[in-house]
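Good morning. I have one structure to show today, and I will keep to two topics. Please have a look at it first.

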Amino acid sequence: MATDPTPDEAPRLVSLDAYRGFVMLAMVSGGLALTDVAEQFPDSPVWKTVAYQLEHVEWTGCAAWDLIQPSFMFIVGVAMPYSFAARKARGDSTSAIGGHVIWRALLLTSLGVFLRSNGHAQTNFTYEDVASQIGLGYALVYLTLGQGWRVQLAATAATLFGYWALFAAWPVPPADFNAAAEHIPADWQQLTGFAAHWNKHVNPAGYFDRWFLNLFPRPEKFYANGGGYQTLNFVPAMGTMTFGIMAGEMLRGPRTLLSKVGMLVGCGLLCLAVGMAIDGYIWPRVEWTWSVAPIVKRIWTPSWAVFSTGWTLLTLAAFVLVIDVWRLRAWAYPLIVVGMNSLAMYVMSWLFKPWVKKTMHTHLGDEIFSGTYGPVVESGLALLVLWLVCWWMYRRKVFLRI
């Protein structure tokens, strides 16, 4: 998110701003409510594909919508070498930078709680959203900055392997396990065999949350996150951010831009292959064969951390190629406007977007938002309003940062 200086403070990687803006606009758009339209055409293979790609998969696998959060985590990592190089160039001491890292981590974690509490009767202490997840791992990931790719890769491998070992060693519930008695939703069972160690709600991260989240005041006892998302996801997600740091340091290095694009593509394809190999299937999946660890975004399995990084590397490569190598930038202006104020857009999407939609109905009437494509019009206009706020801030060089 907001992990880099303003344009006046240091040279920027314009392609990274565009990539960040693209991801943020995708998230705030809510898929432009196209899944609502798809429900009107249940027999259309095209609309079925659209609906699949614009929703999170139930458990295993990957849709385009699942790549939004890992893109954020990865972009944070890519931006860190640029951000802290700029701070050093301004003369900031190591202790001052370290203090700011801790402060930023605390603020991001708290921001996630604050935004998740909007509309609740009291503070909603949950830590599975993207802001809190970045904050929880940010300071630890910072320790790998400038340590070289070998140290960074070793740290990432150790983290992912350790997290895998925790799940692999955790006992699988017995066949007569009574999920209802544990207040676990009935959809908890997903996988069989060794992959059952990564089943919904009954993994070690799920049990951790049933202890940890109940340490905070709540209107009722916490038993399970409906989507299966867990606080401990930040541990393997640190690997995603560290992969981003490695990419950012490579991009700041002495190679030519074109060779850097080649590095991103090569590493991206390698990550896709490794992630699928760990999961144990050939894409697209024909049948389940074996699995060291299934690809599950909702609990950020090690295979997901590697697999999703493959897609983020390829996407970044495309942005760098088009914007920085070919110098085709005009088309990316709407993305850059948001990418340079991503934190503002993120906060507005939580706090102002519902109000914007309600106000549009008040002044434009309900008719314009009715019919098959009414939800698309509503989502599109709300997105435009929020973009215009970012544009106003951009024109006046107002950049919200932590």
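This is a predicted model: local features need pLDDT of at least 70, side-chain atom pairs count only at pLDDT 80 or more; totals for chains, interfaces and linings use all residues.

Salt bridges, then. How many does a search of the whole structure find? It finds 5.

Start with D92 and R87. Their side chains meet in a salt bridge, at 3.2 Å from N to O. D92 is partly exposed, with a relative accessible area of 25%. R87 counts as buried because its relative accessibility is 14%, and the cut-off for buried is under 20%.

Next, E128 and R116. Here the side chains meet in a salt bridge at 3.6 Å, N to O. Where do the two residues sit? R116 is in helix α5, and E128 is in the loop between α5 (94–116) and α6 (130–142). They are 12 residues apart, and the pair links distant parts of the chain. On accessibility, E128 is at 12%, so E128 counts as buried. R116, with a relative accessible area of 26%, is partly exposed.

The last pair I will show is R329 with D324. The closest N and O atoms of this salt bridge are 3.6 Å apart. Is D324 buried or exposed? D324 is buried, with a relative accessible area of 8%. R329 is partly exposed, at 29%.

Now the helices. In general, two packed helices are described by the angle between their axes and the distance between the axes. The two I picked are helix α4, residues 68–89, and helix α11, residues 302–325. They pack at an angle of about 65°, and their axes are 10 Å apart. That angle makes α4 roughly perpendicular to α11. As for handedness, α4 passes α11 in a right-handed crossing.

Which residues meet there? From α4 we have P70, S71, F74 and V78. On the α11 side they meet W304, S308, T309, T312, L313 and L316. Sorted by class, the contact of α4 with α11 has 6 nonpolar residues, 4 polar ones and no charged residues.

Definitions and conventions. Residues are numbered from 1 along each chain as its sequence is written. Side-chain values use heavy atoms; hydrogens and water are left out. A salt bridge is a side-chain nitrogen of Lys or Arg within 4 Å of a carboxyl oxygen of Asp or Glu. Buried means under 20% relative accessible area, exposed over 50%, partly exposed in between (1.4 Å probe, protein chains only). Helices (H or I, at least four residues) and strands (E, at least two) are DSSP runs, numbered from the N terminus. Axes are lines fitted to C-alpha atoms, for helices over the stretch in contact, and angles run from 0 to 180 degrees between N-to-C directions. Angles under 35 degrees count as roughly parallel, over 145 as roughly antiparallel, 65 to 115 as roughly perpendicular and the rest as oblique. A crossing is left-handed if the near helix is turned anticlockwise from the far one by less than a right angle, and right-handed if clockwise. Contact means heavy atoms within 4.5 Å. Ala, Val, Leu, Ile, Met, Phe, Trp, Tyr, Cys and Pro count as nonpolar, Asp, Glu, Lys and Arg as charged, and the others, Gly among them, as polar.
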